[in-house]
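Here are my notes on the model you asked me to look over.

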Amino acid sequence: MSTQNEAKTVAQQMAAAGSFDHTKYRSYPALTLKDRTWPDKVLTKAPTMCSVDLRDGNQALVKPMSVEQKVKMFKLLVKLGFKEIEIGFPSAAQPEYDFARRLIDENLIPDDVTIQVLTQAREHLIEKTFESMKGVKRAIIHVYNSTSTVQREQTFGMSEQQIADIAVQGAKWVQEYAEKNPESEWAFEYSPESFTGTEVDYAIEVCNKVIDVWQPKNGRHVIINLPATVEMSTPNVFADQIEYMCRGLHQREHIAVSLHTHNDRGCGVAATELGLMAGGDRVEGALFGNGERTGNMDLVTLAMNFYSQGIDPTLDFSNVQEMIDVYQECTDLPVHPRHPWVGELVYTAFSGSHQDAIRKSLQFHNDNQLPHWEVAYLPINPADLGRDYEAVVRINSQSGKGGVAHVLERDYGIELPKWMHGHVSKVVQKAAEQAGTEIRSVQIKELFDAHFSAIPDGWHLYGYDLTSSSQQTEATFRIEAAEPLELKGTGQGALEALADALGKHYKVVIKVTQFDEHALQQGTDADAIASLCITVDGVESVAVSINEDTTTANLQALLSAVGRVSAQLNI
């Protein structure tokens, strides 16, 4: 039977037995570490962050990046502030080699940035790797071999001693080729691949043998990278493993312990944070969690987690849209709208109660000039990432009164009295229900104008004369009706006089039930906005008018409100 047929038969047998049966799995063995100290640690400083977008992230793409795309991504990573960037696996493929050479030959690597290259612990690959680095000012040579139980037994058929010998020999070759190329500054990194599938004491043994070859106490910068190549446990178990490793590694004070978590269980960021509490100094990850299977640890989320706690993440995401655009162009992958911190919808509230809380909290924050950001439902200020506030409160059929009022105030400077919120919201909600989708800011303004602000045909005030005494106001009003009208009325003020004049002319009873007026801006030339609710023979009507003259605004609001129900009442 051919190897292909054998594999097919095995796959068929596995599929036949692959019913949804949890008993074929077993729990990951927890490490006994009763004197663990990491739960009491508090993170106060961000670790060194190394991007592996151009290697681990790139090898996970359906269509790997071209050299041009890799250059563009590299420039983005530099702009974001990464000081260590793994650029690829130059001994594995010609495009990877060519990209490495282009960065070096065209002097695209800033002086404060160190590139990192990956190689297996095989001499011809290590030799090719150093060849690709000719002329580099400084680089990290990252060598690895798999140490896990499954790989030893099922993939390689090797003993623990044989696997350890591969790691030691690889370390020696890296050191030998570095000595042959003394014009560059070399740092060494070793990864026991599939660390989380390796017995922890054996992992310590292998790593210590590599450390003993490299002797970091003599000045060589050495990184021991501990990859959760497959995330197999809860984050606290990973943290125990890291603390145990840090206790057992030789020359611990002279090496950097690096964490490289994957996201098979969806806990890559959490495992990294606990691993840092447990003693990790450095992390490797990718933008937006790009990587094989369910992805690498998400550097954006990790960095923003630090930022939200008042800790400098050492990375600058102030123009998050540029980062997203370049990432999507180079990887052909989307960024989920609910991605933590930077997704399109993560600062957006559709819920009415959330919108109201955000509106009030922002106002309170501004009025009181609080020293720290404390706004309901917004863990950070979206503006820090280049997000505008239009995205914070968006309106659909689930939205409430406060949200609609917030949009009008935020985008158009129209501050409505609280009693009017429900009237406007009702109109907007009906439109949202009919549309079955979000109602944009400009649509909300159009609905507000049509239902409340626009002057009905034939109901425009184009003049008035007032004569006031201590007792009452006598007034004459000129109104643009089917034919121009001149009406007279009396009352406690101009508004009451107009209601009296209209009531006598049309033989109706007009009552003002709610009224508000205020300036839209500061200063003597600010426009005034008048909002009122009336009943005309018991029929309710609401209107708004904006005018530079306060009295005109009040009178026009009343006229507009009567005009809106005139057809209904046949007046």
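This is a predicted model: local features need pLDDT of at least 70, side-chain atom pairs count only at pLDDT 80 or more; totals for chains, interfaces and linings use all residues.

1. Overall layout. The protein chain is divided into domain 1 (44-331), domain 2 (352-385), domain 3 (401-438) and domain 4 (460-568). If you want a sense of scale, the C-alpha centres of domain 1 and domain 3 are 51 Å apart.

2. The annotated domain. An unreviewed UniProt entry lists residues 47-321 as "domain: Pyruvate carboxyltransferase". In the model, that span is 43% helix and 19% strand, and its end C-alpha atoms are 25 Å from each other.

3. The annotated binding site. Which residues does UniProt give for the feature "binding site"? The unreviewed entry places it at Asp-56, His-260, His-262 and Asn-296. These positions are spread over 241 residues of sequence, yet they cluster in space, with a largest C-alpha distance of 10.6 Å.

4. You'll find Asp-56 in helix H2 (residues 53-57). Is Asp-56 buried or exposed? Its relative accessible area is 2%, so Asp-56 is buried. Not counting residues up to four places away in sequence, Asp-56 touches His-260, His-262, Gly-291, Glu-292 and Asn-296. Among those contacts of Asp-56, His-260, His-262 and Asn-296 also belong to the UniProt "binding site" feature.

5. His-260 up close. This residue is in strand S7, and a relative accessible area of 4% makes His-260 buried as well. Leaving aside neighbours within four places in sequence, the contacts of His-260 are Val-52, Arg-55, Asp-56, Asn-225, Leu-226, Pro-227, Ala-228, Glu-284 and Asn-296.

6. Strand S7 covers residues 255-261, and Ala-256 sits in it. Ala-256 counts as buried because its relative accessibility is 13%, which is under the 20% cut-off. Beyond its neighbours within four places in sequence, Ala-256 is in contact with His-221, Val-222, Ile-223, Ile-224 and Asp-281. Asp-165, by contrast, is 91 residues from Ala-256 in sequence and 23 Å from it in space, C-alpha to C-alpha.

7. The largest pocket. Its volume is about 670 Å³. There are 22 lining residues, and those nearest the centre are Tyr-28, Pro-29, Thr-196, Gly-197 and Met-232. By class, the lining divides into 10 nonpolar, 9 polar and 3 charged residues. Which helix gives the most to this lining? That is H6, with 3 residues. Helix H6 (149-156) and H9 each supply at least two residues of the lining.

8. The cavities. Thr-196, Ala-228, Glu-231, Met-232, Ser-233, Thr-234, Pro-235, Phe-238, Gln-241, Thr-261 and Ala-271 line the largest cavity. That lining has 5 nonpolar, 5 polar and 1 charged residues. Helix H9 (residues 235-248) gives the most to it, with 3 residues. Note that Thr-196 and Met-232 line this cavity and are also among the residues nearest the centre of the largest pocket.

9. Two backbone angles to look at. Most residues other than glycine have a negative phi. Trp-341 has a positive phi near 75°; it lies in the loop between helix H12 (320-331) and helix H13 (352-368). Asn-570 has a positive phi of about 60° and is not a glycine either. It lies in the segment after H18. Which of these is buried and which exposed? Trp-341 counts as buried, because its relative accessibility is 13%. Asn-570 counts as exposed, because its relative accessibility is 72%.

10. Ser-566, in H18. Helix H18 covers residues 550-569, and Ser-566 is found there. With a relative accessible area of 10%, Ser-566 is buried. Setting aside neighbours within four places in sequence, Ser-566 is in contact with Trp-459 and Ile-571.

How values were computed:
Residues are numbered from 1 along each chain as its sequence is written. Side-chain values use heavy atoms; hydrogens and water are left out. UniProt positions are given in the numbering used here, feature names are shortened, and annotations may be inferred rather than shown by experiment. Helices (H or I, at least four residues) and strands (E, at least two) are DSSP runs, numbered from the N terminus. On a 1 Å grid over the protein atoms alone, a cavity is a set of points where a 1.4 Å probe fits but cannot get out, and a pocket is an open set with protein on both sides within 12 Å along at least five of seven lines; lining residues have an atom within 4 Å of a point. Ala, Val, Leu, Ile, Met, Phe, Trp, Tyr, Cys and Pro count as nonpolar, Asp, Glu, Lys and Arg as charged, and the others, Gly among them, as polar. Domain bounds come from an automatic or database domain assignment. Buried means under 20% relative accessible area, exposed over 50%, partly exposed in between (1.4 Å probe, protein chains only). Contact means heavy atoms within 4.5 Å. Grid points are joined across faces, edges and corners, and a volume is the space filled by probe spheres set on the points.
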